[in-house]
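Hi everyone, thanks for making time today. I'd like to walk you through a structure that may be new to you, so please have a look at it on the screen.

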Amino acid sequence: MVKKISFDNIDSSTLDAVMIFLEEYHAKRDYFECHEILEHKWKEEPQGSRHDYWVSLLQIAVSNYHYRRGNFNGAKKLIEKALQKIEAAPPDYELLGFDYESFKTQVKQILENITNEVPYYSINLSLTDELKEKYENYCKNKGIEPFILSDMHNEALVNKHLKEYRD
């Protein structure tokens with residue numbers, strides 16, 4: 001049974017960052033943009049009190065970016081680092097609204113897929129029912145689908161790190 005969470009203990013700036021991250025991760029599959037968003041959020045926090053969950057989510061997104069492009073070595077290094085952070089701080093992920101055990105299992109599965117060079121496929125991160133509902137309402141208000149598959153033929157998305165695809 002998934003533990004019920006309350007967003008009363010999350011400040012609006014953190015919740016906004018999580019919603020934007022989920023939109024880029026699930027609704028656009030723009031893992032490169034996930035990195036930009038979370039790096040900015042992480043750097044907003046005072047040094048010494050920065051949360052590792054921003055870094056781990058950023059690492060998951062960038063790992064998926066590399067994985068989707070077939071860069072298994074880069075993807076593996078990042079997903080391993082993310083998994084270490086995830087395993088070190090379960091309450092942080094629960095506070096944000098991730099279904100911790102399922103989320104951790106998913107990250108381990110991504111690592112296994114990368115290690116075995118299984119072709120990339122889109123994975124939706126495990127969210128608690130409360131966060132999923134909040135995220136789906138967020139997407140509904142923006143008029144976008146909350147969960148899509150990666151468009152593997154969209155060069156601007158798959159190779160966004162290249163200069164010609166940046167804004």
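Let me begin with a question: are Tyr 67 and Tyr 120 buried or exposed? Both Tyr 67 and Tyr 120 are buried. Please keep in mind that this is a predicted model.

Let's step back to the whole chain for a moment. The protein chain has 8 helices and 0 strands. Its radius of gyration is 15 Å, close to the 15 Å from the globule rule for 167 residues, so the chain is as compact as a globular protein of that length. Of those 167 residues, 48% are buried. Among contacts with a separation of 6 or more, 69% join residues 24 or more positions apart.

Now, on to the rings. The structure holds 12 aromatic pairs. One of them brings together Tyr 53 and Trp 54: the ring centres are 4.9 Å apart and the planes sit at 65 degrees, so this pair is edge-to-face. Tyr 53 is buried, at 4% relative accessible area, and Trp 54 is buried too, at 0%.

Back to our opening two. Tyr 67 and Tyr 120 also pair edge-to-face, with 5.4 Å between centres and 80 degrees between planes. Tyr 67 belongs to helix H3, while Tyr 120 is in the loop between helix H6 and helix H7, so their pair ties together parts 53 residues apart in sequence. They also belong to a cluster linked by ring pairs, together with Phe 21, Tyr 25, Tyr 31 and Phe 72.

One last stop: Arg 50 lies over the face of Trp 42, 4.3 Å from the ring centre.

How values were computed. Residues are numbered from 1 along each chain as its sequence is written. This is a predicted model: local features need pLDDT of at least 70, side-chain atom pairs count only at pLDDT 80 or more; totals for chains, interfaces and linings use all residues. Side-chain values use heavy atoms; hydrogens and water are left out. Rings of Phe, Tyr and Trp (its six-membered ring) pair if their centres lie within 6.5 Å; planes under 30 degrees apart count as stacked, over 60 as edge-to-face and the rest as tilted. Buried means under 20% relative accessible area, exposed over 50%, partly exposed in between (1.4 Å probe, protein chains only). Helices (H or I, at least four residues) and strands (E, at least two) are DSSP runs, numbered from the N terminus. A charge sits over a ring if NZ of Lys or CZ of Arg is within 6 Å of the ring centre and within 35 degrees of the ring normal. The radius of gyration is taken over C-alpha atoms; the globule rule is 2.2 Å times the number of residues to the power 0.38. Contact means heavy atoms within 4.5 Å.
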